[in-house]
Amino acid sequence: MTALTKLFRTTTFRLSLTYLALFGAAAVVAIFYIYWNTTVLLTRQLHDTIDAELKGLAEQYTDGGLPQLVRTVADRSQTPGSSLYFVADPGGRRVAGNLTSITDELSNSLGPVEFEYSRPAEGGIETRLAFANVFRLPGGYRLIVGRDIEDRRELARVIRSAMLWGLGVMAVFGIGGGYLVSRNLLARIDAIAATARTIMEGDLTGRLPVNGSGDELDRLSESLNLMLARIEQLMAGLREVSDNIAHDLKTPLNRLRNRVEAALHEPYGEPAYRQALERTIEEADGLIKTFNALLSIARLEAGAGGDNKESLDVAALVRDVAELYEPVAEERGLVLRADTVEPIFVRADRQLLGQAIANLIDNAIKYGAPERAQGGNGAEPEVSVTTEAKGPMAEIVVTDRGPGVPSSDRERVLDRFVRLEASRSEPGSGLGLSLVAAVARLHGGALKLEDNHPGLKVVLSLPAESQALLNGVAHQAPGHELRSA
Amino acid sequence: MRVLVIEDDQETASFLRRALKEQGHVAEYAADGQTGLELARANAYDVLIVDRMLPKCDGLAVIGALRAEEIRTPALILSALGEVDDRVKGLRAGGDDYLTKPYAFSELLARIEALARRTSPEEGSTRFVVGDLVLDRLSHKVTRGGEAIMLQPREFRLLEYLMKHAGQVVTRTMLLENVWDYHFDPQTNVIDVHVSRLRSKIDKNFATPLLHTVRGAGYTIRDSAH
């Protein structure tokens with residue numbers, strides 16, 4: 001496809017052509033309408049004038065017969081103007097009037113007629129258009145009263161040429177403008193297409209050009225760039241996950257295999273085998289848990305699992321989960337306090353949100369004991385869970401008095417399999433917070449880690465349901481839809 | 001207990017049959033949905049174990065067809081799909097319980113025994129009695145040897161579930177699902193701590209313990225005198 005045909009095929013160019021045709025047609029209609037109206041008006045004036053002249057001449061004729069008529073006509077013919085007179089004898093010869101001669105056609109016709117006549121002008125004779133009324137007088141005489149209408153013919157000519165010129169200029173500007181705009185647009189589209197091609201070839205860092213004008217193409221490019229950033233992030237995540245899976249799943253698998261192999265070679269008999277098998281099952285269970293968590297995160301990040309959202313009270317759910325963990329906290333010498341004052345409704349999957357809250361509380365209990373901080377930090381060994389409505393968001397805040405997370409690591413611990421050195425002594429897969437982050441994202445919320453001075457403060461925020469929606473559901477107990485007991 | 005296993009994987013099926021026989025149950029087997037549906041129609045089973053993905057007729061369709069014919073045999077769905085939506089779909093199709101692969105046999109056994117018990121008349125009774133421990137579901141009162149025991153609402157529900165399945169093994173997952181309605185892994189031994197709290201209330205000051213831990217499986221409440 002040549003550059004020119006490509007240009008002609010652009011939407012802008014076709015649009016310019018369409019508009020050109022439309023405006024052209026409108027202009028023609030408008031000019032024609034004006035022309036036509038003017039003509040009607042002029043014609044009416046013409047008829048009125050001629051009628052008035054005729055009336056006057058008819059009076060003269062009634063008063064003094066043909067001679068007086070001829071005299072009057074001769075008189076009037078002396079006055080310069082656009083009125084034309086002619087009185088012809090039965091032979092068609094001129095008796096009086098300012099027309100030099102008349103054609104046979106004119107002398108034979110009767111009533112209103114348009115004709116051309118000649119008159120002397122500078123440097124010769126010119127032919128002009130006229131309109132006249134022809135009357136037959138007694139005795140074979142004829143009276144012709146008319147007016148020069150060459151001006152009207154001139155007007156038509158002027159209008160016609162104005163129309164043609166106008167259309168021509170319009171066409172030039174239309175096509176030229178369309179060409180320029182299309183060429184500019186085509187250049188930008190070509191740039192976008194070229195970038196898209198390099199991205200498809202595997203360079204995910206490429207971004208579409210944005211010229212800062214904020215027009216629709218810019219906005220489209222910006223949206224596509226955001227999409228590309230998300231894709232790049234997902235791809236990077238995928239790569240990282242496969243690396244992590246290789247490490248965090250292969251290591252226990254290898255351990256498991258070694259143990260079974262060692263047990264096979266052991267000469268100590270059944271009790272040793274039994275012990276090895278039991279530990280193998282334990283290890284396998286751990287692997288299954290890790291695997292399940294990974295699959296859950298992957299599914300959540302792919303946007304699955306949003307089908308079972310219901311309107312539920314976060315405060316009630318937080319109290320419920322806190323109650324589940326309260327004895328565990330107590331066993332570890334911690335106080336677990338759930339501070340939820342008023343109900344806050346969100347649209348969420350009860351199981352997923354429950355699991356997210358459980359993970360946060362579980363983390364706080366596992367890593368939030370003050371003695372874990374170097375030499376203890378003297379704070380009350382307390383884990384607190386609160387819910388609060390903050391503007392349009394419902395916030396679930398879990399705080400502890402443990403060693404906290406250094407601000408440099410706060411982003412990183414949300415990634416899969418990331419476990420800080422300090423936490424290695426506790427069992428865990430390093431997937432807990434990743435799952436919470438994925439649940440938050442699925443519900444249109446966010447997960448933030450902050451400093452609790454001392455300790456860690458985790459804020460899970462979700463979009464709260466508006467007051468209007470709330471009225472309908474406030475009376476229903478939140479979702480115990482399926483219960484198998 | 002007469003069990004029908006509808007499972008297309010030969011090895012899994014024969015493992016299940018052998019293990020169920022060892023537990024004293026009669027296990028029959030169908031390799032595809034069509035055969036399974038015919039067997040379930042023709043015979044009276046106590047429990048069906050149905051794999052979700054089956055040749056010829058999908059597991060959920062088998063259960064759906066049976067329910068449409070008013071055959072109410074309790075069905076446990078086995079599936080590799082473990083997500084919440086899949087569980088909901090399975091239960092909506094008429095399944096009574098849902099177990100994700102891979103599973104521990106002890107978990108499966110505890111669940112089918114609980115399912116088989118559901119059809120027994122005990123389900124609807126208002127009073128559960130194990131030894132000298134009595135739980136009244138209407139007045140929400142628990143007594144042991146005539147002595148009142150004060151329980152928190154959740155502890156009451158925990159004991160209620162255990163006593164409803166008295167003599168049977170109840171797994172930690174079953175407790176989490178049925179007492180708390182949570183279908184996720186709580187990471188920590190939360191259930192154990194709750195059970196040990198309950199145990200301290202109902203067993204501590206009495207000579208014979210009623211609440212027992214079953215190693216590698218879960219818990220059971222029973223009167224050891226019987």
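**Note on a predicted two-chain model**

1. The largest nonpolar core comprises 113 residues, and the residues with the most contacts inside it are Ile361(A) and Ile49(B). Helix H7(A) contributes the most to this core, namely 10 residues. The structure discussed here is a predicted model, and the points below should be read accordingly.

2. When neighbours within four places in sequence are left aside, Ile49(B) is in contact with Val3(B), Val5(B), Ile6(B), Leu16(B), Leu76(B), Leu78(B) and Ile112(B).

3. On confidence, the predictor assigns the complex an ipTM of 0.85 and a pTM of 0.65. For chain B the average pLDDT is 88, and 95% of the residues score at least 70.

4. Chain A contains 10 helices and 12 strands. Of its 485 residues, 25% are buried. Among the contacts in chain A with a separation of 6 or more, 62% are between residues 24 or more positions apart.

5. Helix H4 of chain A covers residues 150-200 and has 51 residues. From its first C-alpha to its last, H4(A) reaches 73 Å, close to the 75 Å expected at 1.5 Å a residue. H4(A) is followed by Gly202(A), which has a positive phi near 120°.

6. Chain B has an open sheet of 3 strands in the order S10-S12-S11, with antiparallel pairing. Why is one side of strand S10 (170-171) and of strand S11 (211-214) left without a neighbour in the sheet? Both strands stand at the edges and each has a single partner strand, so one side of each has no neighbour there.

7. The pairings in this sheet can be followed residue by residue. S10(B) is joined by 2 bridges to strand S12 (residues 218-221), and the two run antiparallel. In these bridges Val170(B) has Tyr219(B) as its partner, while Thr171(B) is paired with Gly218(B). S11(B) and S12(B) also run antiparallel and are joined by 4 bridges. His212(B) stands opposite Thr220(B) of S12(B). The hairpin of S11(B) and S12(B) has 3 residues between the strands, and Gly216(B) in this hairpin takes a positive phi near 75°.

8. In general, most peptide bonds are trans and most residues other than glycine have a negative phi. Against that background, the bond joining His453(A) and Pro454(A) is cis, with omega about -10°. Pro454(A) lies in the loop between strand S11 (446-451) and strand S12 (456-463) of chain A. In chain B, the peptide bond from Lys101(B) to Pro102(B) is also cis, with omega near -5°. Pro102(B) is placed in the loop between strand S5 (97-100) and helix H5 (105-118) of chain B.

9. Lys56(B) has a phi of about 70°, and is found in the loop between strand S3 (47-51) and helix H3 (59-68) of chain B. Asp181(B) has a phi near 60°, and is found in the loop between helix H7 (172-179) and helix H8 (190-202) of chain B.

10. Are Lys56(B) and Asp181(B) buried, exposed or partly exposed? A residue counts as buried with 20 or more other C-beta atoms within 10 Å of its own, and as exposed with 12 or fewer. Lys56(B) has 14 such atoms, so Lys56(B) is partly exposed. Asp181(B) has 18, and is therefore partly exposed as well.

Notes:
Residues numbered from 1 in each chain as written. Chains lettered and ligands numbered in written order. Predicted model: local features only at pLDDT ≥ 70, side-chain atom pairs only at ≥ 80, totals over all residues. Pairing = 2+ DSSP bridges. Contact = placed C-beta atoms within 7 Å. pLDDT = per-residue confidence, 0-100. Expected span 1.5 Å × (residues − 1). Core = buried A, V, L, I, M, F, W, Y, C linked by C-beta atoms within 7 Å.
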